Amino acid sequence: MALRRSFNALGVVCLCVVALSIAVSGRPATFLEDFRVTWADNHVRQLDGGRGIQLVLDQNSGCGFASKRQYLFGKVSMKIKLVPGDSAGTVTAFYMNSDTDTIRDELDFEFLGNRSGQPYTVQTNIYAHGKGDREQRVNLWFDPSADFHTYSISWSHSLIIFAVDEIPIRVYKNNEAKGIPYPKQQPMGVYSTLWEADDWATRGGLEKIDWKKAPFYAYYKDFDIEGCPVPGPANCPSNPNNWWEGPAYRTLNPAQAKNYQWVRANHMIYDYCTDKSRYPQTPKECTADNL
């Protein structure tokens, strides 16, 4: 049986809020039931009886949390309102990680802060069987600090899709038949962090964080997981009847493909596939079919 966990915000107060309610068993979810603080618990506060949390970045620390369970295939999404104003040097991350050192699998959204008036950049990265360094960067076509937008990762045996408001910005197809690694053996947890990375995050580290603007806040709500929990029913990950394994989800549909090409043509600012200084020989996955 696949598990669906859905967390819906009733409101956001003045810090980083992840508001939670659960749709599986009917019981009200609390933060401590479903998540754990992974970093700087003094920067994480529960709200509304544990149905929400607050995250903050200041000169003392950032902070982060993770799901208590891991999942093998499915879809995870959340609505995020990013750090407003001068956010240079900050990184708001939403990602899945296998929590293994040597053969890590990981699917990353990293939202790179900016100087006021500049576009927000989202970096995606994929680790498969311990191999990463597959960065792509896209300038978002809206102000992601003005309102909430939905960011999602879909993961099946066939395809991984990173999407913004259901518009694909990154596609990674299972091309194991061509000798290209694909994450499918290890379950992954769901993580989120708010942290300082001004040595690389904004214009390659040229723009430093302005601590006079601190503290920095990001806002989350409507956090949703549909997937196979691990530990859980052993046959769930291989069940072809899971909705994310259906024929409609094995490739982009025509509308998705059109939007994906639009993003790549108009908003992509970096692709490791074309970076000859790093990869004189184009990586194999870059020449494979990823539509």
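Biologist: Does Glu-106 count as buried or exposed, and at what relative accessibility?

Modeller: This is a predicted model, in which local features need pLDDT of at least 70 and side-chain atom pairs count only at pLDDT 80 or more, while totals for chains, interfaces and linings use all residues. Residues are numbered from 1 along each chain as its sequence is written, and side-chain values use heavy atoms, with hydrogens and water left out. Glu-106 counts as buried, at 7% relative accessibility; buried means under 20% relative accessible area, exposed over 50%, and partly exposed in between (1.4 Å probe, protein chains only). For the protein chain as a whole, 55% of the 291 residues count as buried.

Biologist: Which residues does the UniProt annotation "active site" cover?

Modeller: The annotation, from an unreviewed entry, covers Glu-106 and Glu-110; UniProt positions are given in the numbering used here, feature names are shortened, and annotations may be inferred rather than shown by experiment. Glu-106 lies in strand S9, and strand S9 is also the place of Glu-110. (Helices, H or I of at least four residues, and strands, E of at least two, are DSSP runs numbered from the N terminus.) Glu-110 is buried too, with a relative accessible area of 14%.

Biologist: What does Glu-106 touch, not counting residues up to four places away in sequence?

Modeller: Contact means heavy atoms within 4.5 Å, and on that basis Glu-106 touches Tyr-95, Met-96, Asn-97, Asn-125, Ile-126, Tyr-127 and Met-188. Glu-110, with its neighbours within four places in sequence likewise left aside, is in contact with Val-91, Thr-92, Ala-93, Thr-121, Val-122, Gln-123, Trp-195 and Trp-200. As for the chain in general, among contacts between residues at least 6 apart in sequence, 66% join residues at least 24 apart.

Biologist: In what order do the eight strands of the open sheet run?

Modeller: Two strands pair if DSSP finds at least two bridges between them. The protein chain has three helices and 17 strands, and eight of the strands form an open sheet in the order S3-S6-S15-S8-S9-S10-S11-S17, with antiparallel pairing. Strand S3 (35-39) and strand S17 (268-271) stand at the edges with a single partner strand each, so one side of each has no neighbour in the sheet. Within the sheet, S8 and strand S15 (residues 189-196) pair in the antiparallel sense over eight bridges. Val-91 stands opposite Trp-195 in S15, and both of these residues are among the contacts of Glu-110.

Biologist: Turning to charged side chains, how many salt bridges does the structure hold?

Modeller: The structure holds 12 of them, a salt bridge being a side-chain nitrogen of Lys or Arg within 4 Å of a carboxyl oxygen of Asp or Glu. One example is Asp-86 with Arg-115, whose closest N and O atoms are 3.0 Å apart. This pair links distant parts of the chain, 29 residues apart, since Asp-86 sits in the loop between strand S7 (70-81) and strand S8 (90-97), and Arg-115 in the loop between strand S9 (106-112) and strand S10 (121-127). Both Asp-86 and Arg-115 are buried.

Biologist: Which residues are linked in a network of salt bridges?

Modeller: The network links Asp-86, Arg-115, Arg-203, Glu-207, Asp-210, Lys-212 and Lys-213.
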